[in-house]
Amino acid sequence: MREPTGRRIRRVTDPLPALRLEGVSRRFGPVTALADIDLSVATGEAVLLLGHNGAGKSTLLRLAAGLVRPTAGRVTIGRAGGREVPSAARARIGYLGHRTFLHEHLTARENLELYASLYGRRDAAALAERWLARVGLERAAERVIRGFSRGMMQRLALARALIHDPQVLLLDEPASGLDPEGRRRLVEIVGEAHAAGGTLLVVSHDPALGLEIARRVVVLRRGRIVTDDRADSRSTADWALAAGGVAR
């Protein structure tokens, strides 16, 4: 088990990690959200990211997804990297964040067909049909999503993030708003993606959920990595405490 000693925490991984952040910092005006982050996630690895509110978890995922640029440092997806994630590399990423990126004036089916088409998939209609069934929304396929519940929107957003068969999944509070059935489907779907070789970086305020998926845990505190260890090195309760009491 490794704890902070004022030095960077590094982990030896495969020669070509799926995701790598090197010396990454991000400031918003006078506020430093992330400070000198070094993080490497091996291909096929599943990592749980914990930390209290404001620790920098969502910012880290947004940087990895290419939604924001680092103030300093380099982000690399596979072989492609730089100050920002190249557009070609973004096609390898499935990102689920606090925003759903869904179009509320479209139906559930139309949303999924749109995103599949944007990723160049010629089988957009078949993919939409498959993913509506996978997330349990086949009966709501023709409904305009403006009236969807929070849980239904989250299910559809998960399908949107995975419809192009991404190699790297970045999931920020993926169980938000889900009922027990939705949570079960989430764990099953993400588990299957990981078993198929997908690389996962998951933020969850519920360590129990994250530990069903991940085998490695990274804890952020005030924008810095303070712990990076095997998931089985501590109990779920101890991981919650390590994250600052409220792992969000």
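In the predicted model, the axes of helices H5 and H6 come within 11 Å of each other and cross at roughly 10°. Since angles under 35 degrees count as roughly parallel, H5 is therefore roughly parallel to H6. On the H5 side, the contact is made by Arg155, Leu158 and Leu162, and these meet Glu181, Gly182, Arg185, Leu186 and Ile189 of H6. Sorted by class, the residues of this contact comprise 4 nonpolar, 1 polar and 3 charged.

Helix H6, which spans residues 180-195, also packs against H4. The angle between H4 and H6 is about 130°, and their axes lie 11 Å apart. The two helices are therefore oblique to each other. From H4, the residues Trp131, Ala133 and Arg134 take part, and they meet Arg185, Glu188, Ile189 and Glu192 in H6. The contact of H4 with H6 has 3 nonpolar and 4 charged residues, with no polar residue.

Within H3, which covers residues 108-118, the buried residues are Ala108, Arg109, Asn111, Leu112, Tyr115 and Ala116. Viewed along the axis of H3, these buried residues fall within an arc of 165°, so they line one face of the helix. The cover over the buried residues of H3 includes H4, at residues 124-134, and H5, at residues 150-162. After H3 comes glycine 120, which has a positive phi near 80°.

The strands include an open sheet of 6 members in the order S6-S7-S8-S3-S9-S10, and its pairing is mixed. From one strand to the next, the twist averages 15°. Strands of a sheet pair through backbone hydrogen bonds, in either a parallel or an antiparallel arrangement. Strands S3 (residues 46-50) and S9 (residues 216-221) run parallel and are joined by 4 bridges. Leucine 48 has valine 217 in S9 as its bridge partner.

Helices also pack on this sheet. Helix H1, formed by residues 57-65, touches S3, S6, S7, S8 (199-203) and S9, and its direction makes about 150° with that of S7. Helix H5 packs on the sheet as well, where it touches S6 and S7; the direction of H5 makes about 165° with that of S6.

Aspartate 36 is not a glycine, yet its phi is positive, at about 55°. This residue is located in strand S2, which runs over residues 31-41. With a relative accessibility of 29%, aspartate 36 counts as partly exposed, a class that lies between under 20% for buried and over 50% for exposed. Aspartate 165 likewise has a positive phi of about 55° without being a glycine. The position of aspartate 165 is in the loop between H5 and strand S7 (168-172). Its relative accessible area is 59%, and aspartate 165 is therefore exposed.

Key:
Residues numbered from 1 in each chain as written. Predicted model: local features only at pLDDT ≥ 70, side-chain atom pairs only at ≥ 80, totals over all residues. Heavy atoms only, no water. Buried < 20%, exposed > 50% of the residue type's maximum accessible area, 1.4 Å probe, protein only. Arc of directions from axis to C-beta. Contact = heavy atoms within 4.5 Å. Axes fitted to C-alpha atoms, helices over the stretch in contact; angles between N-to-C directions. Parallel < 35°, antiparallel > 145°, perpendicular 65-115°, else oblique. Nonpolar A, V, L, I, M, F, W, Y, C, P; charged D, E, K, R; others polar. Pairing = 2+ DSSP bridges.
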